[in-house]
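Open the model in your viewer and keep the sequence panel beside it. This tour says what to select at each stop.

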Amino acid sequence: MRIRAGETVPLVPGSKGLRIPGGRRTVRRKRRGGRADDADQRNCRAGYAVTSLLDALFAPRGVAVVGASDEPSRIGGRPIHYMRRAGLAGALYPVNPRRETVQGLPAYPSLDALPGPVDVVVVAVPAALVVETARAAAAIGSRVCLVFSSGFAEAGEEGAARQAA
């Protein structure tokens with residue numbers, strides 16, 4: 001069985017990890033001595049496909065930028081500008097509750113309001129809002145969360161406590 005780059009295939013539990021039905025390739029897991037964990041086995045039985053975090057990062061179905069800015073030179077505007085310029089294949093969702101559009105794209109008030117799947121959430125908000133935003137990203141099923149913020153351990157004891165949370 002030949003697998004092409006970017007292709008998602010269903011995996012089934014095997015004795016040494018997850019394997020492709022009809023194939024010899026095994027995806028080995030480091031947890032529990034190389035065995036697939038219970039969640040992976042449940043997903044395989046339910047027919048879900050398993051994709052890697054690298055696939056989610058480098059070929060995302062959707063990217064949300066929380067704290068999106070209309071100005072490409074600001075930290076909330078740079079990711080949008082660069083992804084549009086590079087020709088991002090997935091959907092791009094600016095999230096800013098105070099704007100209707102950001103850099104010509106429709107803006108959304110929150111992560112819950114996004115119309116499609118999001119694999120990557122870029123967080124460009126003040127440090128006080130980062131943890132709440134990361135939890136919201138996990139709640140919508142995002143696999144990767146990139147944080148562009150300051151005010152953590154480099155800012156002193158209060159920031160270190162925020163980073164530990």
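**Stop 1: the whole chain.** Bear in mind that this is a predicted model. Show the protein chain as a cartoon. It holds 5 helices and 9 strands. Trace the elements from the N terminus: they run β-β-β-α-α-β-α-β-β-β-β-α-β-α. The accessible surface of the chain comes to about 10,500 Å², and carbon and sulfur atoms hold 51% of it. Of the 165 residues, 32% count as buried.

**Stop 2: the largest nonpolar core.** Select Ala-64, Leu-111, Leu-114 and Val-121. These have the most contacts inside the largest nonpolar core, a set of 15 residues. Next, colour strands S4 (62-66), S5 (91-95) and S8 (120-123) and helix H4 (127-139); each gives two or more residues to this core. Which of them gives the most? H4 does, with 3 residues.

Now centre on Leu-114. Beyond its neighbours within four places in sequence, Leu-114 is in contact with Ala-64, Tyr-93, Val-95, Tyr-108 and Ile-140.

**Stop 3: another core.** Select Val-65, Ile-80, Leu-92 and Val-144. They are among the 13 residues of another core, which lies apart from the largest one.

**Stop 4: helix H3.** Select residues 78-86, which make up H3. Show the side chains of Pro-79, Ile-80 and Met-83; these three are buried. Look down the axis. The three lie on the same side of H3, because they cover an arc of only 100° around it. An α-helix has 3.6 residues a turn, so residues three or four places apart point the same way. What do the buried residues of H3 pack against? Their partners are S4, S5, strand S6 (101-102), strand S7 (105-106) and S8.

**Stop 5: a nonpolar patch on the surface.** Select Leu-54, Leu-57, Phe-58, Ile-75, Leu-146 and Phe-148. Together they form a nonpolar surface patch with about 580 Å² of accessible area. Helix H2 (residues 53-58) gives the most to the patch, with 3 residues. Finish on Leu-54, which sits in H2. Is Leu-54 buried or exposed? It counts as exposed, because its relative accessibility is 56% and the cut-off is over 50%.

Methods:
Residues numbered from 1 in each chain as written. Predicted model: local features only at pLDDT ≥ 70, side-chain atom pairs only at ≥ 80, totals over all residues. Heavy atoms only, no water. Helix = DSSP H or I, 4+ residues; strand = E, 2+ residues; numbered from the N terminus. Buried < 20%, exposed > 50% of the residue type's maximum accessible area, 1.4 Å probe, protein only. Areas by Shrake-Rupley, 256 points an atom, 1.4 Å probe, with all protein chains shown as cover. Core = buried A, V, L, I, M, F, W, Y, C linked by side-chain atoms within 4.5 Å. Contact = heavy atoms within 4.5 Å. Patch = residues over 30% accessible without salt bridge, like charges linked within 9 Å, V, L, I, M, F, W, Y side chains within 5 Å. Salt bridge = Lys/Arg side-chain N within 4 Å of Asp/Glu carboxyl O. Arc of directions from axis to C-beta.
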